[in-house]
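This briefing sets out selected features of a single protein chain, grouped by topic. Please consult the sequence and the structure shown here alongside the points that follow.

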Amino acid sequence: MKQIISALLIALLAALAFAAPAAAEEGDAVTSAACTQRYTVQVGDQLGKIAARYGTTTSSLASLNGISNINRIYYGTSLCVKASSSISSGFYYTVQNGDALSKIAQRYGWSTSYLASVNKISNTNKIYRGQLLFIPNR
């Protein structure tokens, strides 16, 4: 019985600690690059280890993703780990409940298909809360 209670307590604490993905504010990650590869943070990940795995530095990864505290990343967060300089500048927008790619595209003056292409989205009807979308500047 003690083991079950302990396991439930650990699960509850883990859920509370990792429940909310990092919520980047609109415009947090201004970059001169478009994301070409993403990684979803797993339990126990550290930004330095992720950076090493993808052949970059912790500070570059933090800058690319608008992370101010390199010791605080959240389970489930989608990080840009590889970027292309094909788009001159822009920012990352965090998808909110009720968002649709078409509405986001319209808000920033782009077509839905272009925004899907920039973000490597194959199904324009499938975006999710917490997903980071790169919005190129006009």
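Among the elements of the chain, mean pLDDT is lowest for helix α1 (residues 2-18), at 52, and highest for α4, at 95. The model is predicted, and its chain has a mean pLDDT of 77, with 72% of the residues at 70 or more.

**Confidence**

- Over residues 15-32 the pLDDT stays under 50. For this stretch the model has 40 contacts beyond four places in sequence.
- Helix α4, which has the highest mean pLDDT among the elements, spans residues 101-107.

**Strands β3 and β4**

- Strand β3 comprises residues 90-94 and pairs with β4 in the antiparallel sense, over 5 bridges. Within this pairing, Tyr-93 stands opposite Leu-133 of β4.
- In a regular strand, side chains alternate between the two faces of the sheet.
- In β3, Gly-90, Tyr-92 and Thr-94 lie on one side and Phe-91 and Tyr-93 on the other, and all of these residues are buried. The strand is thus described as mostly covered, with 5 of its 5 residues buried.
- In β4, Leu-132, Phe-134 and Pro-136 point one way, whereas Leu-133 and Ile-135 point the other way; all are buried. This strand, too, is mostly covered, with 5 of its 5 residues buried.

- Ile-135 is located in strand β4. Its relative accessibility is 1%, so it counts as buried, the cut-off being under 20% relative accessible area.
- The C-alpha atom of Ile-135 is separated by 5.9 Å from that of Tyr-92, although the two residues are 43 places apart along the chain.
- Leaving aside residues up to four places away in sequence, Ile-135 touches Gly-90, Phe-91, Tyr-93, Ile-104, Tyr-108, Trp-110 and Leu-115.

**Aromatic rings**

- A pair of aromatic rings is described by the distance of the centres and the angle of the planes.
- The count of aromatic pairs comes to 5. In one of them, Phe-91 and Tyr-108, the ring centres are 5.3 Å apart and the planes stand at 70 degrees, so the pair is edge-to-face; the cut-off for that class is over 60 degrees.
- This pair links distant parts of the chain: Phe-91 belongs to strand β3, while Tyr-108 lies in the loop between α4 and α5, 17 residues apart. Both Phe-91 and Tyr-108 are buried.
- Trp-110 and Tyr-114 have ring centres 4.7 Å apart and planes at 35 degrees, so this pair is tilted.

**Helix α3 and its end**

- An α-helix has 3.6 residues a turn, so residues three or four places apart point the same way.
- Leu-61, Ala-62, Leu-64 and Asn-65 are the buried residues listed for α3. They cover an arc of only 165 degrees around the axis, which puts them on the same side of α3.
- The face turned away from this buried side carries the exposed residues Ser-59 and Ser-63.
- Asn-65 is part of α3, which runs over residues 58-65. This residue counts as buried because its relative accessibility is 6%.
- A polar atom of the Asn-65 side chain lies 2.7 Å from the backbone nitrogen of Cys-80.
- Gly-66 follows α3 and has a positive phi, near 65 degrees.

**Lys-120**

- Lys-120 lies in the loop between α5 (112-118) and β4 (132-136).
- The phi of Lys-120 is positive, about 55 degrees, although this residue is not a glycine.
- With a relative accessible area of 59%, Lys-120 is exposed, because the cut-off for that class is over 50%.

Technical notes
Residues are numbered from 1 along each chain as its sequence is written. This is a predicted model: local features need pLDDT of at least 70, side-chain atom pairs count only at pLDDT 80 or more; totals for chains, interfaces and linings use all residues. Side-chain values use heavy atoms; hydrogens and water are left out. Helices (H or I, at least four residues) and strands (E, at least two) are DSSP runs, numbered from the N terminus. Buried means under 20% relative accessible area, exposed over 50%, partly exposed in between (1.4 Å probe, protein chains only). A polar contact is a pair of N or O atoms within 3.5 Å; within protein, one must be able to donate a hydrogen and the other to accept it, and residues adjacent in sequence count only if both atoms are side-chain atoms. Two strands pair if DSSP finds at least two bridges between them. The arc is that of the directions from the helix axis to the C-beta atoms. Rings of Phe, Tyr and Trp (its six-membered ring) pair if their centres lie within 6.5 Å; planes under 30 degrees apart count as stacked, over 60 as edge-to-face and the rest as tilted. Contact means heavy atoms within 4.5 Å. pLDDT is the predictor's confidence in each residue, from 0 to 100.
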